[in-house]
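Hello,

Here is the structure I promised to pass on. Have a look at it first, and then read on for what turned up in it.

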Amino acid sequence: MDWRLMRRMAISAAIVVALTGGDVIVARAQNGGVLRFGTYGGTMLEGQKIYLGEPFEALTGAKIQWTAATEEVFANKLIAAGKSPAYDVVLLDDPWYSLVRVRGLASKLDPAKVPNLNKVQKLFRLPEDMGSCLFSFSSGIVYNKNKFAELGLPPPTRWQDLASPKLSGHVGTQTLAATPVKYFLAAYAIQLGDTPTKWDRAIDEVAKIKFQSFSAGIADLMAKIEAGDVWAAPIVGSRAYALIEKGLPVEYVLPENGNGTKGGISCTPIVVPKGSTNAALGEKMLNFALSPDAQLMQATAISAYGPVISTLDPILEKAPKIADRIPWGKVVTNGFRLSWDSEADLDRFSEYVEAWNRKVQK
Amino acid sequence: MSGSNVVARTCSIIFLTIVLGFLLTPLLYVAFGSLNASTLEFPPRTLSIESYRTIPEAFFDGLRVSLIVAAAATVLATPLGVAAALGIVRGRFGGRELLNGFLLSPLLLPMLVLGVALYQFYVVIDRTADTAITGSLVGLILGHTSFCIPYVARAVIPALTQMPPSLEEAAHDLGASTWYAFSRVTLPAIRPGLAGGIAFAFLTSFDNFPMSLFLVEGDNTTLPVVMFQFIQFDLKPTILAMSTLVIIFSMAAMLFIEKTVGLASLVGLHED
């Protein structure tokens with residue numbers, strides 16, 4: 001028996017156990033005072049830790065365990081976990097929110113337990129209150145005003161202005177997963193006489209545009225706009241204002257959709273997954289997040305997003321520096337919001353992703 | 001030196017320069033790009049170490065988790081991989097070839113598929129046995145071990161195949177126990193292959209993203225996943241700064257090993 005080798009193996013094993021901090025011993029979930037919050041990474045996570053997390057922990061004594069990922073990962077994990085979700089509250093942009101809702105994985109909120117739900121504006125009230133919108137954002141076009149002036153182009157007023165031959169090779173876009181791209185296609189669908197979520201012919205039209213690039217994430221698109229490679233692109237409002245605040249020569253507009261509305265007004269839903277072991281704490285967090293204080297902090301946070309409740313309008317009227325960057329007031333009440341209401345709609349979305357990859361991003 | 005030798009030597013030097021340049025240029029780009037102040041430009045307009053000062057704590061937490069997971073997975077995978085290799089090379093049983101193919105399977109399946117499947121498996125275990133493996137460090141380590149074992153086994157199998165079994169038989173004939181023969185005869189002979197397998201297993205685990213994406217939760221998030229979450233929303237030189245630190249750390253580790261133990265003797269290349 002080689003005792004030296006055995007001793008070395010024992011020491012290595014002890015180090016591994018010590019480093020894993022006791023996690024090696026599998027323990028029961030300690031969920032009594034821990035809220036498992038699934039959110040998006042980067043500045044979203046950093047901002048929410050400050051304006052949602054810290055006050056909520058101080059008020060309730062609970063501890064928040066943050067997990068950052070994308071909506072696709074969250075949705076897949078909720079579907080895979082079934083009745084044992086890994087989160088007590090989780091953010092889910094559409095159509096992944098609709099997929100989770102249609103599959104019966106989201107809890108129906110009780111306005112008696114989440115009274116601030118009654119303050120949520122009609123546009124942002126989700127079907128059967130299966131979750132709630134947490135914050136709003138607009139989708140429009142960002143364009144380089146210097147380049148447009150050079151080319152003799154007026155500022156864009158319709159989504160279809162991105163198809164101008166003078167912009168060929170300098171229009172940026174993200175993948176179909178990005179919300180502004182969905183409104184871009186919706187506008188084409190409306191122009192062609194289809195419903196806003198029927199994109200068969202819209203994709204064929206958009207495929208005629210020569211794009212500069214297809215960014216997998218918003219950060220990449222912003223970098224290309226900053227570098228001057230992209231002169232115009234569909235984009236989320238808060239990101240466009242981030243570019244404007246950097247001093248870049250860009251402007252942001254809400255283009256006409258063709259149905260009497262301008263731009264896209266969306267929200268990011270937050271749900272309490274069905275089967276969550278801490279649903280009560282999740283509902284408390286939701287109620288807190290929908291409170292006027294939290295909604296106002298959200299509007300002034302690192303990445304500014306608009307409120308989904310209407311009671312802040314009088315404040316925003318008197319605060320143009322905040323109000324100009326976010327959707328509120330009449331922009332919301334007259335707003336156009338896309339939604340996917342059935343499994344058939346969602347199945348079609350998967351086909352559109354394939355068609356977009358094949359025809360547009362070829 | 002004859003003319004053809006000079007030509008051959010020159011061509012070798014040019015070829016090596018091109019290959020090394022291709023391999024090292026991205027690292028130099030990362031290091032140089034990390035000196036941007038706030039935007040990603042190349043070459044940087046102004047040089048600054050601001051991006052190093054603003055590296056979020058989450059990156060260092062992710063680095064700690066990645067190192068722990070990679071080390072633990074490698075420690076677990078090594079004896080299992082060696083045992084599997086011994087069984088495949090020395091064993092005489094039905095289904096040996098099937099086992100050989102089965103050992104390869106974690107490398108053939110897309111990691112994303114493995115990640116989702118493992119996630120669901122852990123959920124079932126948690127539900128049945130009232131445990132908390134999902135999202136835990138244990139779950140992450142076990143998941144990584146599953147694809148590290150084939151790396152170790154595949155590296156050890158050629159070394160075992162080359163080693164004549166008569167050496168082990170001679171040791172047994174001279175009275176050595178099975179364990180003694182393995183530790184004093186077999187292990188030194190397979191050391192180069194084993195070292196390579198361990199290195200591959202560690203690096204693959206450290207670098208793993210697709211499986212980790214589904215197995216991480218909260219504080220148990222590995223560095224590649226932290227970096228992905230960061231670049232989804234912010235593309236700043238901070239990411240290059242963190243990458244440069246990892247490169248420097250790796251180079252320092254290799255230099256330390258070379259100066260103390262010697263890389264060649266670590267892998268048993270200069271055994272007398």
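In this predicted model, the lining of the largest cavity is made up of Asp93(A), Asp94(A), Phe137(A), Thr179(A), Lys182(A), Tyr183(A), Ser266(A), Cys267(A), Arg337(A), Leu338(A) and Trp340(A). Helix 6 (179-191) and strand 9 (264-271) of chain A are the elements that give two or more residues to this lining, and helix 6 of chain A has the largest share, with 3 residues. (Helices are DSSP runs of H or I with at least four residues, strands are runs of E with at least two, and both are numbered from the N terminus.)

A cavity here is a set of points, on a 1 Å grid over the protein atoms alone, where a 1.4 Å probe fits but cannot get out; lining residues have an atom within 4 Å of a point. The whole structure has 2 cavities of 30 Å³ or more, and the largest cavity holds about 90 Å³ of space. Volume means the space filled by probe spheres set on the points, with grid points joined across faces, edges and corners.

Sorted by class, the lining has 5 nonpolar, 2 polar and 4 charged residues. (Nonpolar covers Ala, Val, Leu, Ile, Met, Phe, Trp, Tyr, Cys and Pro; charged covers Asp, Glu, Lys and Arg; the others, Gly among them, are polar.) Domain 1 (3-136 + 266-329) and domain 2 (138-264 + 338-360) of chain A both contribute to the lining, so the largest cavity lies between them. The domain bounds come from an automatic or database domain assignment.

Now to the salt bridges (a side-chain nitrogen of Lys or Arg within 4 Å of a carboxyl oxygen of Asp or Glu).

Another pairs Asp194(A) with Arg201(A) at 3.2 Å. Asp194(A) is buried at 18% relative accessible area, while Arg201(A) is partly exposed at 43%. (Buried is under 20%, exposed over 50%, partly exposed in between, with a 1.4 Å probe and protein chains only.)

On conventions, residues are numbered from 1 along each chain as its sequence is written, and chains are lettered from A and ligands numbered from 1 in the order in which they are written. Local features need pLDDT of at least 70 and side-chain atom pairs count only at pLDDT 80 or more, while totals for chains, interfaces and linings use all residues; side-chain values use heavy atoms, leaving out hydrogens and water.

Best wishes

Notes. 1 Å grid on protein atoms, 1.4 Å probe; cavity = no way out; pocket = protein on both sides within 12 Å on 5 of 7 lines; lining within 4 Å.
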